Amino acid sequence: MKTSFLGVYSETRHYLPERPKGKSFTASQLLEAFKKRTGQTLTLRALQWYGTVGLIEKPSKKGRQARYLPHVLDELWGAKVLQIDYKLTVDGLLNLRKNDISPYIAAYCLSRIRDQYLRRRSTPKITTLLTRIGQKFKELDRQISGFWDEPVTVTVSRVDWQEMWTELSHRAGAHSLGGQLDKDLKQVTEEFLFLVAEGHDPQRIDLYSDALGKQEFPED
């Protein structure tokens with residue numbers, strides 16, 4: 001498969017969040033934590049089946065009680081993201097495991113790549129949108145001039161900025177680019193899974209460095 005969007009780099013491109021530490025989960029605690037994190041309900045039978053087929057790490061047993069290590073919650077999250085958001089089948093998830101790829105790592109890296117693609121693809125439209133918003137703020141400032149002696153300063157946290165940027169990307173990109181964007185994101189996903197199946201480290205797979213070029217990201 002010839003990749004149009006992704007390449008494999010010699011250095012790590014995606015640094016994973018630190019894995020959770022703390023007490024292990026009972027099965028019921030793990031299912032509750034999973035529901036709280038994803039909004040999805042997982043049955044005890046499904047959880048046990050995931051362990052049986054090797055999709056997640058099996059629990060250790062102390063007496064009659066099975067306990068799951070904290071990082072199993074990440075593995076479950078990754079599997080669900082790949083299934084729901086990226087339409088990966090259970091066989092596809094198991095193929096990742098056969099290549100010693102964690103569903104959590106694959107889901108995290110793929111999500112980062114797709115977010116980067118969306119931001120870059122939407123940049124020209126976001127610039128236009130922000131310009132229009134800025135003009136509205138200038139007009140508002142003229143209307144309320146005289147109410148404050150000094151300019152009003154608004155502080156935005158890094159998390160708020162990232163969330164706002166993603167939202168702007170969707171508003172300026174996804175809604176206006178429509179079907180073509182969906183096709184591109186589908187291809188990005190297919191290329192990622194192909195490269196992983198070829199044995200490449202998910203953390204080294206990323207958009208081409210010239211991904212802002214007009215050939216790959218043509219303006220409408």
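## Chatting through a predicted model

Trainee: Hi! Which residues sit on the face of α2 turned away from its buried side?
Mentor: Hello! Those are the exposed residues R45 and T52. Keep in mind that we are looking at a predicted model.

Trainee: Okay, and which residues of α2 are buried?
Mentor: Helix α2 spans residues 44-53, and its buried residues are L47, Y50 and G51. They cover an arc of only 95° around the axis, so they end up on the same side of α2.

Trainee: What do those buried residues pack against?
Mentor: Their packing partners are α1 (27-38), β4 (65-68) and α3 (72-84).

Trainee: And what follows α2?
Mentor: That is G54, which has a positive phi, near 90°.

Trainee: Where do I find K87 and D100?
Mentor: Look for K87 in the loop between α3 and α4. For D100, go to the loop between α4 and α5.

Trainee: Is K87 buried or exposed? And D100?
Mentor: K87 has 66% relative accessibility, so K87 counts as exposed. D100 counts as exposed because its relative accessibility is 72%.

Trainee: Now the big picture. How many helices and strands does the protein chain have?
Mentor: There are 7 helices and 5 strands. Starting at the N terminus, the elements go β-β-α-α-β-β-α-α-α-α-α-β.

Trainee: How much of the chain is buried?
Mentor: Of the 220 residues in the protein chain, 37% are buried. The accessible surface comes to about 14200 Å², with 51% of that belonging to carbon and sulfur atoms.

Trainee: What about the largest nonpolar core?
Mentor: That core has 44 residues, and L6, L47, L76, L82 and F192 have the most contacts inside it. Several elements supply at least two residues each, including α1, α2, α7 (179-197) and β5 (205-207). The element that gives the most is α5, with 9 residues.

Trainee: You mentioned F192. What does F192 touch?
Mentor: Leaving out residues up to four places away in sequence, F192 touches L6, A106, C109, L110, I113, P202 and I205.

Trainee: Last one: where is T3, and is T3 buried or exposed?
Mentor: T3 lies in the segment before β1 (6-8). Its relative accessibility is 13%, so T3 counts as buried.

Trainee: Which residues does T3 touch?
Mentor: Not counting residues up to four places away in sequence, the list is E191, L195 and Y208. With Y208 there is a polar contact of 3.0 Å between the two side chains. A polar atom of the T3 side chain also lies 3.1 Å from the backbone oxygen of L6.

Conventions
Residues are numbered from 1 along each chain as its sequence is written. This is a predicted model: local features need pLDDT of at least 70, side-chain atom pairs count only at pLDDT 80 or more; totals for chains, interfaces and linings use all residues. Side-chain values use heavy atoms; hydrogens and water are left out. Buried means under 20% relative accessible area, exposed over 50%, partly exposed in between (1.4 Å probe, protein chains only). Helices (H or I, at least four residues) and strands (E, at least two) are DSSP runs, numbered from the N terminus. The arc is that of the directions from the helix axis to the C-beta atoms. Contact means heavy atoms within 4.5 Å. A polar contact is a pair of N or O atoms within 3.5 Å; within protein, one must be able to donate a hydrogen and the other to accept it, and residues adjacent in sequence count only if both atoms are side-chain atoms. A nonpolar core is a set of buried Ala, Val, Leu, Ile, Met, Phe, Trp, Tyr and Cys residues joined through side-chain atoms within 4.5 Å. Accessible areas come from the Shrake-Rupley method with a 1.4 Å probe; for residues, only the protein chains shown count as cover.
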